[in-house]
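This report walks through a few helices and loop residues, one topic at a time. Please keep the sequence and the structure in view while reading.

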Amino acid sequence: MTAIPLTFTYKTADNVDFKVDVHLPDESKFGLKSGYAKALPVLIHWHGGGLVFGTRVVETCPTHPTWLTDHAIDAGFVFVSPDYTLLSPHTGHDMLADVKDLVSWIDTHLAAEIKSYVVDTKSIVVSGSSAGGYLAYLTAIHASPKPKAFVPLYAMGGNLLIDNYVIAKKEAFISGAPFITDPSPYFPLFDLQRDFTTPPLVSVEFSAASNPRLMYYCWLLQSATMLDAITGIPGLSERLSELPLEQRANAVPQNASALIPSLASASSFPPTIFVHGSDETSVSFLESQTLYDVLKANGRDDVELVETKGGEHGYFQNEGLKRVLPFMLQHV
């Protein structure tokens, strides 16, 4: 991915511009003047960063899955990398608004912005890696026009009601990350009170080593407050932790249910291919495995699971690419 992307504003909220980088395929192969006859599909990828940091800028995002997006661009996809609202004091409700607004902008504005190509703005594949997978889940379920395919990569969001999110940790649990013994840097973030003058935060660079947000995700998991931060409901995780797993779904308040992807009906999901490492410690493999099983049990024959044996967070194998890109092309 060497060409400089085109950057547009897809929405403005509270005086903050939400940018989207658009990476185009080779114009000599896929542009109007090339004689290429087929309208190009769109690939959205939401960046990772624990929902609390990260950037849409591919060159400064070390976790970006270039193994997928580079090959997708070479295959004729228009690749889109957007900003989104980061947690605290904003919540998943703001993220849900972001995914709807982005897809609406693609549908109504993208083709006019890149007139040297013919783009099918209703032929969308949505993907997201790690925590960006949560935004991808929201897009797959709630956006209109509905994506044609969904590619969650070692993605958070398959099941936010499992113990990993509602039971506090007592020892180190993420490979390479220490157990946090001094949570004081994270209290000011978690306790932020949003008011109508609080602007959304949409980017924190991975290189900002002194910024407490880079470990805030770990603290939210360790303290079992991630679900509280996503829903904006203090104490929700603690209340759910007192229930067995099978009873937690019914205990989620109605105003938060849209933010829990596993509560959506099986028919809400487009054709889906999960990619996840079996030895994950950052995002449990069970998130993808459990939802895959649920979809299959509900008669969905258009879902697949690529399990990278022994894979930790972000790990992939060539077998994954061999299956993912054809899956995407099949459904657009």
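## The end of helix H11

Helix H11 is followed by Gly299, and the phi angle of this glycine is positive, near 80°. The structure shown here is a predicted model, and the values below should be read with that in mind.

## Helix H11 from start to finish

At the N-terminal end the helix is capped by Ser284, which has a side-chain oxygen 3.1 Å from the backbone nitrogen of Leu286.

Which residues of H11 are buried? They are Phe285, Glu287, Ser288, Gln289, Leu291, Tyr292 and Leu295.

## How H3 meets H4

Two packed helices are described by the angle between their axes and the distance between the axes. For helix H3 (residues 92–113) and H4, the axes come within 9 Å and cross at roughly 60°. That angle is why H3 is called oblique to H4, and the crossing in which H3 passes H4 is right-handed.

The residues that bring these helices into contact can be listed for each side: H3 contributes Gly92, Met95, Leu96, Val99, Lys100 and Val103, while H4 contributes Tyr134, Leu135, Leu138, Thr139 and His142.

## Two residues in one loop

The loop between strand S6 (149–153) and H5 holds Asn159, and Tyr154 also has its place in the loop between S6 and H5. Is Asn159 buried or exposed? Its relative accessibility is 11%, and because buried means under 20%, Asn159 counts as buried. Once its neighbours within four places in sequence are left aside, Asn159 is in contact with Tyr165, Ser262, Glu287 and Thr290, and of these Glu287 is one of the buried residues of H11.

Tyr154 has a relative accessibility of 4%, and therefore Tyr154 counts as buried. Between Tyr154 and Leu201 there are 24 Å in space, C-alpha to C-alpha, and the two residues lie 47 residues apart in sequence.

## Helix H2

In helix H2 (residues 66–74), the buried residues are Trp67, Leu68, Thr69, Ala72 and Ile73. Helix H2 is followed by Gly76, whose phi is positive, near 105°.

Notes:
Residues are numbered from 1 along each chain as its sequence is written. This is a predicted model: local features need pLDDT of at least 70, side-chain atom pairs count only at pLDDT 80 or more; totals for chains, interfaces and linings use all residues. Side-chain values use heavy atoms; hydrogens and water are left out. Buried means under 20% relative accessible area, exposed over 50%, partly exposed in between (1.4 Å probe, protein chains only). Helices (H or I, at least four residues) and strands (E, at least two) are DSSP runs, numbered from the N terminus. A polar contact is a pair of N or O atoms within 3.5 Å; within protein, one must be able to donate a hydrogen and the other to accept it, and residues adjacent in sequence count only if both atoms are side-chain atoms. Axes are lines fitted to C-alpha atoms, for helices over the stretch in contact, and angles run from 0 to 180 degrees between N-to-C directions. Angles under 35 degrees count as roughly parallel, over 145 as roughly antiparallel, 65 to 115 as roughly perpendicular and the rest as oblique. A crossing is left-handed if the near helix is turned anticlockwise from the far one by less than a right angle, and right-handed if clockwise. Contact means heavy atoms within 4.5 Å.
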